[in-house]
Amino acid sequence: ALEAVSLQTDDLLRAINDDMAHAGLSVPPRLRVDGGMVINDWLTQNLADMLQIPVVRPEVIETTALGAAFLAGLQTGVYASLDEISALWAEQQRFSPQRPAAESDRLHAGWLDAVRRVASAAP
């Protein structure tokens with residue numbers, strides 16, 4: 001299941017990168033992650049290996065609740081701007097790719113083949 005998360009994220013990032021390239025925009029140099037799953041070091045490292053870019057985990061991983069609190073603080077004047085809130089983000093750990101790109105490409109090709117086979121077997 002964790003490998004599938006990494007492979008699906010790879011598919012999504014490839015599609016985003018293609019769209020960005022067509023629009024003349026540059027590819028993000030890193031991926032910031034959040035949510036309960038990213039506390040798992042293996043998953044986060046596997047993401048970096050599949051995506052072949054650094055994956056950065058924040059100090060506070062449950063950002064949905066934090067974001068709601070920040071927006072409430074912005075509305076009530078606790079924070080003056082979104083820039084002030086953005087400056088509060090802090091990196092907890094950075095995972096750099098360790099797997100050779102060719103191996104990640106091989107795994108991605110196997111994933112695409114598996115998805116194709118499942119889709120063709122569907123009624």
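Start by selecting α3, residues 63–76 (helices are DSSP runs of H or I, at least four residues, numbered from the N terminus). Just after α3, pick Gly77, which has a positive phi of about 90°.

A note before moving on: this is a predicted model, where local features need pLDDT of at least 70 and side-chain atom pairs pLDDT 80 or more, while totals for chains, interfaces and linings use all residues. Numbering runs from 1 along each chain as its sequence is written, and side-chain values use heavy atoms, without hydrogens or water.

Next, select helix α1 (2–22) and helix α5 (101–121), whose axes, fitted to C-alpha atoms over the stretch in contact, lie 11 Å apart. Their angle is about 95° between N-to-C directions, on a scale from 0 to 180 degrees, so the two are roughly perpendicular (65 to 115 degrees). Show side chains for the contact (heavy atoms within 4.5 Å): among them are Leu7 and Arg14 of α1, and His108 and Trp111 of α5.

Which residues lie nearest the centre of the largest pocket? Select Thr63, Leu66, Phe70, Ile85 and Trp89. Colour α3 again, as it gives the largest share of the lining, four residues.

Terms used
1 Å grid on protein atoms, 1.4 Å probe; cavity = no way out; pocket = protein on both sides within 12 Å on 5 of 7 lines; lining within 4 Å. Parallel < 35°, antiparallel > 145°, perpendicular 65-115°, else oblique.
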